[in-house]
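Please read the points below alongside the model.

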Amino acid sequence: MKIAKKVFVYLLIVVIIGLVIPQNFGMPVEGATYNSYNQRSFWFYPWGKSITHKGVDIFAKEGTNVLASTGGLVCNVGKNELGGNVILILGPKWRLHYYAHLKEINTSAFSFVGKGTTIGKVGTTGNAIGKAPHLHYSIYTLLPYLWRMDGSAQGWKKAFFLNPTPFLNGL
């Protein structure tokens, strides 16, 4: 019964995050500006093992603070082959914010973070080894935007990704 209650509480929180909390967006790398990322790198093809670049790389000095771009629930922290040290946060509008190549992680799964909370440090883990330190930042949507699909490489996946550039440029 305890587990069922916990699951219910987390599901309720997910619904509230998705419907109620406004998306108040912030720059995910401390001190980063418009010049810290390539305006045209989202959905760039070809892009190594991932085939298509599904986010934006924000360049900064190794060890620079990585900040939560929105408030939300930390769904996952860990490692994967391409992203290295990664964090996944469920934010407003049921959007997942993905932070990759971190030197270190300063949050834990199933915790809540506010916009601007330090969650990690810029690094070169995963397939960024040997490259300039940066944060790979992506925004996924759980509710697909079917009208965004196109005939490009992995175009069907475009329904699940949002271009972070307009959000970053609005800061």
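1. The protein has two helices and nine strands, taken as DSSP runs numbered from the N terminus, with helices being H or I of at least four residues and strands being E of at least two. Along the sequence the pattern reads α-β-β-β-β-β-β-β-β-β-α.

2. This is a predicted model, in which local features need pLDDT of at least 70 and side-chain atom pairs count only at pLDDT 80 or more, while totals for chains, interfaces and linings use all residues. Residues are numbered from 1 along each chain as its sequence is written, and side-chain values use heavy atoms, with hydrogens and water left out.

3. Of the 171 residues in the protein, 43% are buried. Buried means under 20% relative accessible area, exposed means over 50%, and partly exposed is in between (1.4 Å probe, protein chains only). Among contacts (heavy atoms within 4.5 Å) between residues at least 6 apart in sequence, 63% join residues at least 24 apart.

4. The largest nonpolar core contains 22 residues. Such a core is a set of buried Ala, Val, Leu, Ile, Met, Phe, Trp, Tyr and Cys residues joined through side-chain atoms within 4.5 Å. Ile58, Ile89, Tyr99 and Ile119 have the most contacts inside this core. At least two core residues come from each of S1 (56–59), S4, S5, S7 (118–122) and S8 (134–141); S8 gives the largest share, three residues.

5. What does Ile119 contact, leaving aside its neighbours within four places in sequence? The partners are Val66, Leu67, Ala68, Ile87, Ile89, Tyr99, Ile105, Asn106, Thr107 and Val113.

6. The accessible surface of the protein is about 9,000 Å², and 64% of it belongs to carbon and sulfur atoms. Areas come from the Shrake-Rupley method with a 1.4 Å probe; for residues, only the protein chains shown count as cover.

7. Ile3, Val7 and Leu11 make a nonpolar surface patch with about 310 Å² of accessible area together. Patch residues have over 30% relative accessible area and no salt bridge, and nonpolar side chains (Val, Leu, Ile, Met, Phe, Trp, Tyr) are joined within 5 Å; a salt bridge is a side-chain nitrogen of Lys or Arg within 4 Å of a carboxyl oxygen of Asp or Glu. Val7 lies in helix H1 (residues 2–19) and is partly exposed at 45%.

8. Lys93 is in the loop between S4 (84–91) and S5 (95–105), and Trp94 is in the loop between S4 and S5. Phi is positive at both non-glycine residues: near 60 degrees for Lys93 and near 55 degrees for Trp94. Lys93 is partly exposed, with a relative accessible area of 45%; Trp94 is partly exposed, with 21%.

Notes. Patch = residues over 30% accessible without salt bridge, like charges linked within 9 Å, V, L, I, M, F, W, Y side chains within 5 Å.
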